[in-house]
Amino acid sequence: MSDALIAAFDDCLGALEAGASLDAVLARYPALADELRPMLVAAQAVRPSEPLRVPKQSEDASRARFLARARVLRSARRPAPSLFPQLSLALRLAVWLMALLTAGTLGGFGLVAAASPSLPGDLLYDVKRSAEQAQLALTADPAARAALANQFEARRLLEAQAVVAQGRVVAVAFTGVVEQQAGDRWVIAGLPVSVPAGQGAGVGLGRRVHVSGTAQADGVIRADRIEPADDGPTPPPSPTEPPAPPTTPAPTPTSEPSATADERETERAEPSRTPAPTQTPRPSVSPTKTGSGSAPSNTPPPATLPPSADPTHTAAPTANSGGGGPAPTATPPPPGPTATADPEPSETEHPEEVEFSGTVEATGAVWVISGQAVTITGETEFEDNPGLGDEVRVKAWRLPDGSLVAREIDKR
Amino acid sequence: MSAAELSEKALLEQARRLDERALSQIHDRYYPEIYRYALYRTGRTEVADDIASEVFLRLLDALHNGRAPQTTLRGWLFGVASNLVVDHYRKAPRESQGLDETVAAPGSLPAAAEQNWQRREVRAALRQLTREQQEVLGLRFGDGISVEETAAVMGKSVNAVKALQFRAVEALRRVLGVSEVSHE
């Protein structure tokens, strides 16, 4: 294999690509023609005769997922609104006392607890929302408050899903990603939404939106308002603000975690995992942090294509690499400390960590795993791309109200 | 430093801040070639869909975690795509050897000989190449990018890419037994 032959081969390839005939290009190199001919025939055999087509639908879907995920990560970077650090302990105690009085007026803590599962339109729904506002007001730590806001946001979506499932006719408000658009019928965070003329103008697939409207008996939400929710997390209300009316809950941001492999999955040497990303966005609710299990690393990846290009990847020889050399292995950086705070709901109330196993019965902003509802946040880590019907192991926080926030869901 | 490089660096800088406009540009600019690359390497549109989409999600996570490419975004994206192709074959080694009837554009089905790259035996032969050989053919033939661009993506010299390309085709020629065909 001489340099001249290699150069001639490349030149001939270019000429063939430009439309020249095989004989014509070989005529350029009569001394090398016998060697070049079978090579060029082989090259023609494995080269597509026309540019490979890229389906627009695939590109659009990827783009929607990509940008929706970016919004989640952007939200995770944005510091949570800090409304209360300037408040003195005395003032916070005063706020807490006000909340106690409010709760007492309504019948005490028992009533608050009883209101937890209530849905829009229920008698106790006001109590539930008031308790949420008080809880937010009393949480000083920004990260904890953001996590709490996300939890409440997840509830709004869960409530909307519940009332739709029950066929209730009641006002709902939630935030979610636009997953489908077919005329005036959209799917937002998995919920069918009827969009009246004039609403949602300029909102495209993958866009996160606030939706307020009325759930109909046929399971479709008739939207009254659809507004882009690109401004990040909705700040928790100040302690002086009245709670939102129960029938028009204030929307808080909904976002979407990666529907794809956790990078850690490919870090494991055996067995390696094909990412098998799904084509269906998995709506979620928490913009607090990436769903990736990987932590920041100071080791930049090489910029070129060889196996080390993806720092998260553990390469191995291809399955049928008989004629070739082994593919070197890129060792990923070890996971390090995460960049953002754990989703503790407050400074004083540390959630209990729980683990359980079960079958995934529903996915979305809230997963149902063997009958247990678990809120998915941007912090939730997925391993092996669990989905409907999969047996999974769940690590979660149990918040003071008994609800679960998933930390990790591993396919078993 | 070329204008294109400057532009990519500027894009990267904005992308590190997860700027939506920059991210959109990155996706629009690179998705088609990442998709074509994955399609050529795997021969299956649905796998190419998944891999191309995953590449960009990996980019986001890398940007978010401070592990973003420092200079050559394009090379980084192709590198991740290549890793995902390897993962795909490792998970399903018998997949992606079959014909994918959906690859050719509807209404423009080329002659059978022109679809050779999709043939089962050709796909099997491609997979017998070294990883680098498969990568160079993916870039050169699947994406149709120049030797110079391929060299930049792979971090190799132009001459090294030409030699790698030659060896890849030579290996294919041996596996496919093209010599007899050449004299017909």
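How many helices and how many strands does chain B have? Select chain B and colour by secondary structure: chain B has 9 helices and 0 strands, where helices (H or I, at least four residues) and strands (E, at least two) are DSSP runs, numbered from the N terminus.

This is a predicted model, in which local features need pLDDT of at least 70 and side-chain atom pairs count only at pLDDT 80 or more, while totals for chains, interfaces and linings use all residues. Residues are numbered from 1 along each chain as its sequence is written, and chains are lettered from A and ligands numbered from 1 in the order in which they are written.

Staying with chain B, 57% of its 184 residues count as buried, a residue being buried if 20 or more other C-beta atoms, placed from the backbone, lie within 10 Å of its own.

Next, select residues 158-176 of chain B, which form helix α8 with 19 residues. From its first C-alpha to its last, α8(B) reaches 27 Å, close to the 27 Å expected at 1.5 Å a residue, the expected span being 1.5 Å times one less than the number of residues. Among the buried residues of α8(B) are B:L164, B:F166 and B:L172. Just after α8(B), click on B:G177, which takes a positive phi of about 65°.

Now move to chain A and select residues 125-137, helix α7, whose 13 residues should span 18 Å at 1.5 Å a residue, in agreement with the 18 Å between its end C-alpha atoms. Because 11 of the 13 residues of α7(A) are buried, this helix is largely enclosed by the rest of the structure; the buried residues include A:V127, A:R129 and A:L136.

Conventions:
Buried ≥ 20, exposed ≤ 12 C-beta atoms within 10 Å, placed from the backbone.
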